[in-house]
Each structure stands twice: as structure tokens, then as C-alpha cells.
Amino acid sequence: IIHTFKSDGYDVPMVLGDTQRCGRMGAEHLLGMGYNSYAYCGIGDYYWSKGRYVSFSESIHKAGFKTFYHELNPQRIKNSPQKELKSLADWLTSLPTPLGLMTCADDCSQYVIDACRMADIRVPEQISIIGVDNDDMVCELSSPPLSSIAMNFEAAGYQSAELLDQLISDGDPKQKSITVCPTHIEVRASTDILAIDDPDVAAAVRFI
């Protein structure tokens, strides 16, 4: 959802994603898989990461479950990536499985995949992962490929161009807000399984 902020006395339009719908869609997707445990991994204090978490956890809570939460530190990812990855792996190891996990974005999902590999956690058998943005390069090249919530960036781009044209023409845009909406979930291998508590049955399903 798009807001405006004050800059030197002027109202400057901003383009923001619909964090509430993203969180709900991620929760509904994982709840439909039948999990009893859920988690969310975010990055820093970014509004979109926090907003998606709040919506996700509210939906999970309404369904009668709680949400485990972990927040990656952008500075530590940059300066001490292995330590931050190990911290994430330790957190993932502490969680009950099978588990449905949402991340704030596809890059974060890839980081979780790496941590799962470090901790010898199987995806999606033990932890299913869904992210946001549907970045084909990240999602398709991941192992396993990542499920993700697709966003309507193209429509938002056209609307932003129209808004910029109005600002240039008369400085008084007709539209003060633009919403980048989630459109659908691209289901890939990282959530392509039902929650199975019995390890023998899970192994049989994996073999099949």
C-alpha cells in the first residue's frame, strides 16, 4: 500500500507492497498442508519484513497455533555470513518438525535452504519453505526450487510511471497511493508435500 511522506514541506508518494495479504497468503498455503508447527524468518527492522510477519502470525494464531520467529541481521550477513548462517541453523534445529516456514523474501528463503543443508534438515519433508516475490532466478536455481508468493510488479511499474508523469506535468498527482499486490502462489518443490509426522511414512513418500 502506498503512502506519502513529508520531505522539505512536500508530500512525496511512496510505493509499498501489500504486506497484510502476503502474510495471509503464506499462512493459508502452509495451513492447508496440515502442519501443527509454524515459523517465520525475517530480515532486520524493515517494514515489509515486519508487516508480513504480523499478518502471517495473526493468521496462524487464529487457526490455533503459535509462530516461532527468527530475525536475520543484515550487517552480520555482510560481515560474518558463516556465523549468521550457523545461528540460523541452530534455530532451525531447535524447532519441532514437520514445520511450515514463511520467509520475508526469496533471498531469505535461499538463506534458510543453506542453513537447512548445514543442519542436515530435509526440505520439504521436515521443513517446508515459502517466500515472497517469485524471483525466478532465485527460486528456480535453488535446490529444491522455492515456492513463492508472486507480486504484480509490472502493474505497479505502469502505475508508478503514470504517477511520475502527473508529477512532472502539473505537480498534483491524481493518485496518491499505489499498491503492489500479491497475485498467486507459485508452488515449487519446497512446499510440495503434505505434513507427515511419522518418519517411516515420510520416508516412503520421499521414496515414491
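**Reading the labels**

User: Why does Asn 134 count as buried?
Analyst: Its relative accessibility is 17%. Buried means under 20% relative accessible area, exposed over 50%, and partly exposed in between, with a 1.4 Å probe and protein chains only. So 17% makes Asn 134 buried. This is a predicted model: local features need pLDDT of at least 70, side-chain atom pairs count only at pLDDT 80 or more, and totals for chains, interfaces and linings use all residues. Residues are numbered from 1 along each chain as its sequence is written, and side-chain values use heavy atoms, leaving out hydrogens and water.

User: What is the phi of Asn 134, and where is this residue found?
Analyst: Phi is positive, about 50 degrees, although Asn 134 is not a glycine. Asn 134 sits in the loop between E7 and H6. Helices (H or I, at least four residues) and strands (E, at least two) are DSSP runs, numbered from the N terminus. Most residues other than glycine have a negative phi, and most peptide bonds are trans.

User: Does Asp 120 count as buried or exposed, and why?
Analyst: Asp 120 has 65% relative accessibility, so it counts as exposed. Asp 120 also has a positive phi, about 60 degrees, and is not a glycine. Its place is the loop between H5 and E7.

User: Which peptide bond joins Val 123 and Pro 124?
Analyst: A cis one, with omega about 10 degrees. Pro 124 lies in the loop between helix H5 (106-118) and strand E7 (127-133). Another cis peptide bond joins Ser 143 and Pro 144, with omega about 0 degrees. Pro 144 belongs to the loop between helix H6 (136-141) and strand E8 (147-151).

User: Why does Phe 65 count as partly exposed?
Analyst: Its relative accessibility is 24%, so Phe 65 counts as partly exposed. Phe 65 is in the loop between H2 and strand E5 (67-72).

User: What makes Ser 49 buried?
Analyst: The relative accessible area of Ser 49 is 0%, so this residue is buried. Ser 49 lies in helix H2. Its side chain reaches the backbone nitrogen of Ile 43 at 3.1 Å.

User: How do you know which residues of H4 are buried on one side?
Analyst: The buried residues of H4 are Glu 84, Leu 85, Leu 88, Ala 89, Trp 91 and Leu 92. They cover an arc of only 160 degrees around the axis, so they are on the same side of H4. The arc is that of the directions from the helix axis to the C-beta atoms. On the other side, Gln 82, Lys 83, Thr 93 and Ser 94 are exposed.

User: What puts the buried residues of H7 on the same side?
Analyst: Ala 156, Leu 163 and Gln 166 are buried in H7. They cover an arc of only 80 degrees around the axis, and therefore lie on the same side of H7. The face turned away carries the exposed residues Glu 154, Tyr 158, Ile 168 and Ser 169.

User: How many residues of the lining of the largest pocket are nonpolar, polar and charged?
Analyst: Eight are nonpolar, two polar and two charged. Ala, Val, Leu, Ile, Met, Phe, Trp, Tyr, Cys and Pro count as nonpolar, Asp, Glu, Lys and Arg as charged, and the others, Gly among them, as polar. The lining includes Trp 48, Arg 52, Asp 133 and Phe 153. On a 1 Å grid over the protein atoms alone, a pocket is an open set of points where a 1.4 Å probe fits, with protein on both sides within 12 Å along at least five of seven lines; lining residues have an atom within 4 Å of a point.

Note on methods
A polar contact is a pair of N or O atoms within 3.5 Å; within protein, one must be able to donate a hydrogen and the other to accept it, and residues adjacent in sequence count only if both atoms are side-chain atoms.
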